[in-house]
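Please walk through the model below with the coordinates open, taking the side-chain contacts one group at a time.

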Amino acid sequence: MKKIISLMLTVLLTLSAVFCSVYAEPAVTNQDGTAFQNGSGTAADPFIVTTARELDAVRGDLSAHYKLGNDIDLTEYLAEGGEGYAKWGGAGWEPIGRSSESGYEYFSGSFDGAYHVISGLWINRADTDNIGLFGGVESYDDGARVQNLGIEIAENGVIGGRNVGGLAGYLSGEISNCSVVGSRVSGVESVGGLIGGQIVTGTTVGCYAKVDVISESGGDIAGNVGGLIGHASGAARYCYAEGAVRGSRNCGGLIGNLEGTASVVNCCASGDVVSSGDCAGGLVGYVSDGDISYSSSSGKTQGGSYVGGLVGQQAGLSGISGCYSSSAVVAAGDYAGGLVGAQITPPYFQNYNRIANCYVGGSVETQAEHFGAISGYKDEESSILNCYRCETFTINGNKISSEDANSAPDMLNGGETTEVKLLQAPIVNITLSETEKTEKPVTVRLNIKTNNDIESVAYVRDVQGGDASAAAATGDIASASRDVDIELLLSDPEQYAELVGGYESAAIISDYYINAGYPDGGAQVVENDSLDIEENGSYIVCAEDKDGNKTFAYINIDNIEPQTEESIDYPYEIKSLSALSMLGDKFETPPLNMDFMAEAAVYKNEARDTEDYVFVAVYDKNGMLLNIDYVRSNFAPNYDYYIGFNIPAQNREIGSIKAFVWSGLDSAEPLAEAKTVVFAK
């Protein structure tokens, strides 16, 4: 494989930097004139944020890396007489990342809450867009992240215009294991308990919101209101919402508007949803070109037309599978369904909406012309397959006769079977139940949502790169990581052994998940939905319901206290990583069946008399390794090496590329912080 290695002198980069500038508000400083007492702002040594003043100072460098060192209460900072009130008055907190003369400047670094809580947050900026603790979290080459953070909203609430969320107004990066609780989040359009608007590159994993979400305007353009996310074009996985949702259109217990290849997997919502107009759904108000799977809703859902227990309106090449709704549906207008209000696509859209392997409980109350147990209306190109209703399901107070094989007078819906078929696996979210973490063990709280009875909850320690035979004896898992696709591994451990570094390791993980929850399977059984961790490390939690459905979740409690140790000084730095066509054009996502080039810019910080290895790995969208290549050289220090790898055509959708520097092929001593680029799906 041909490799292109070129050098660019550091002085050229220095000269080019003169012509570039990035907007950043001057940092708020501490009494000694520095913004932060600990950390240097790198990924290996993040700034440690311990006070409201330091949290305010995050806006001074939007691309740096931060970590909370303790809980932070903003109450005094934002109250009359506080430093924040002196700057912003009755407008409350100014979101981190805001508009400037050159446009929006969003947060593009990383922020690790370390399982701490920011409380006392309130914002009153009704005429301002992109409102939240962060105005926006935007991903560039290395990806922006907010993780392990809890937010408690004060009684005043969070109030904004468009793109309003308790955590972030706008998201194109990743938010994981975060929560928002408190009074309310309100705005005009794209309003969510956690996130206002999430574009296609945004990902939300393992998050929840317990806050009321309101769209204050009744105008035609208002709406897109969700208990978790207002408008989403990206993925949401293992999330839930419990607050009430109220707006004028596209209102959902979890997401108001889901579109543009977006997906919802293993999520649920239990809050009541009220739309003064159309498109109200217990989980999603409106879905177009998106997919919803293994998810559920249970709150009361009320609206005008297009009202469904799970989804208000399903349009444009969208799919719903393995879902359940027990919502009480009330529709004042037309199109009402126990699961979906209508499968109907606007003109000029492609149809082919699908509902499969779903079931419905609850009830429907309506005087609409079109209604049904599964869907209120199905256009000719759409389909319903293997869907069921519970025996207790009613329409206008009446059970559907078992002789009515189609569940509605207009013969639109699924069979006469009334057997309950539970399809959703448990949803597991992990938080720390105690904020005082000065002594071990740490108590971890498991929030588990499910439609089925839980058979067991158990956990094992994740031994990264551990000895497989020793792990087998202790029940520990060897060589597992967050990106391992457990479903593939369980289906065929031998075929997918490369996911975890060998068949022996794969067999250990497979055996654990098959026997999860039982003492003789090597796992520790959790009592009362909590577990005590006696030492830092990574742990894998598995919840299993009575039908054998399993869900795994990860928690890493390494360095949960403020970092005081010295940062890792790697000899190399990977400055950039990108995918290019063979003509040199940058790809947003490499196409199928076409060669392309991965280019990494590597900088050597110090003299080192060894030949080291620069690797680039290519993964598919499920995290499986497709290709890996490397170059070996004794690189000279203080130069930028641009290394190109010609990647052969792949017949699977490419999800990401990763660059890393190792000391050898076998020892795998890391010599640089790895860099990953995740492509739009």
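E611 has a relative accessible area of 41% and is therefore partly exposed, where buried means under 20% relative accessible area, exposed means over 50% and partly exposed lies in between, computed with a 1.4 Å probe on protein chains only. This is a predicted model, in which local features need pLDDT of at least 70 and side-chain atom pairs count only at pLDDT 80 or more, while totals for chains, interfaces and linings use all residues. Residues are numbered from 1 along each chain as its sequence is written, and side-chain values use heavy atoms, with hydrogens and water left out.

E611 forms a salt bridge with R632, with 3.1 Å between the closest N and O atoms; the term stands for a side-chain nitrogen of Lys or Arg within 4 Å of a carboxyl oxygen of Asp or Glu. Because E611 lies in the loop between β56 (596-604) and β57 (612-620) whereas R632 lies in strand β58 (residues 625-633), the pair ties together parts that are 21 residues apart in sequence. Helices (H or I, at least four residues) and strands (E, at least two) are DSSP runs, numbered from the N terminus. R632 is also partly exposed, with a relative accessible area of 47%.

By the rule given above, the count comes to nine salt bridges. Another of them joins the side chains of E94 and R59, at 3.6 Å from N to O. This pair links distant parts of the chain, with E94 in the loop between α4 and β5 (98-100) and R59 in the loop between α2 (52-57) and β3 (65-68), 35 residues apart. Both E94 and R59 are buried. The side chains of E189 and R249 likewise meet in a salt bridge, at 3.7 Å from N to O. Since E189 lies in strand β13 (residues 189-192) and R249 in the loop between β21 (245-247) and β22 (251-252), this pair ties together parts that are 60 residues apart in sequence. E189 counts as buried at 17% relative accessibility, while R249 is partly exposed at 24%.

We turn next to the nonpolar interior. A nonpolar core is a set of buried Ala, Val, Leu, Ile, Met, Phe, Trp, Tyr and Cys residues joined through side-chain atoms within 4.5 Å. The largest such core has 94 residues, of which L55, F111 and L167 touch the most other members. Apart from it lies another core, of 27 residues, including V614, L626, A672 and V677. If residues up to four places away in sequence are set aside, L55 touches V49, I72, L74, W93, I96, F111, I118 and L133, contact here meaning heavy atoms within 4.5 Å.

C239 is buried at 0% relative accessibility, and C267 is buried with a relative accessible area of 0%. By this rule the model has zero disulfides.

Among the strands, two pairings share β18. Strand β14 (residues 195-198) pairs with strand β18 (residues 229-232) in the parallel sense over three bridges, and strands count as paired if DSSP finds at least two bridges between them. I195 stands opposite I229 in β18. Three bridges also join β18 to strand β23 (residues 255-259), the two running parallel, and here I229 stands opposite I255.

Some individual positions remain. N130, in the loop between β7 (110-124) and β8 (134-137), counts as buried at 7% relative accessibility. Its side chain makes a polar contact with the side chain of N163 at 3.2 Å, a polar contact being a pair of N or O atoms within 3.5 Å where, within protein, one must be able to donate a hydrogen and the other to accept it, and where residues adjacent in sequence count only if both atoms are side-chain atoms. E80, by contrast, lies in the loop between α3 (75-78) and α4 (83-88) and counts as exposed at 68% relative accessibility.

Definitions and conventions
Disulfide = S-S within 2.5 Å.
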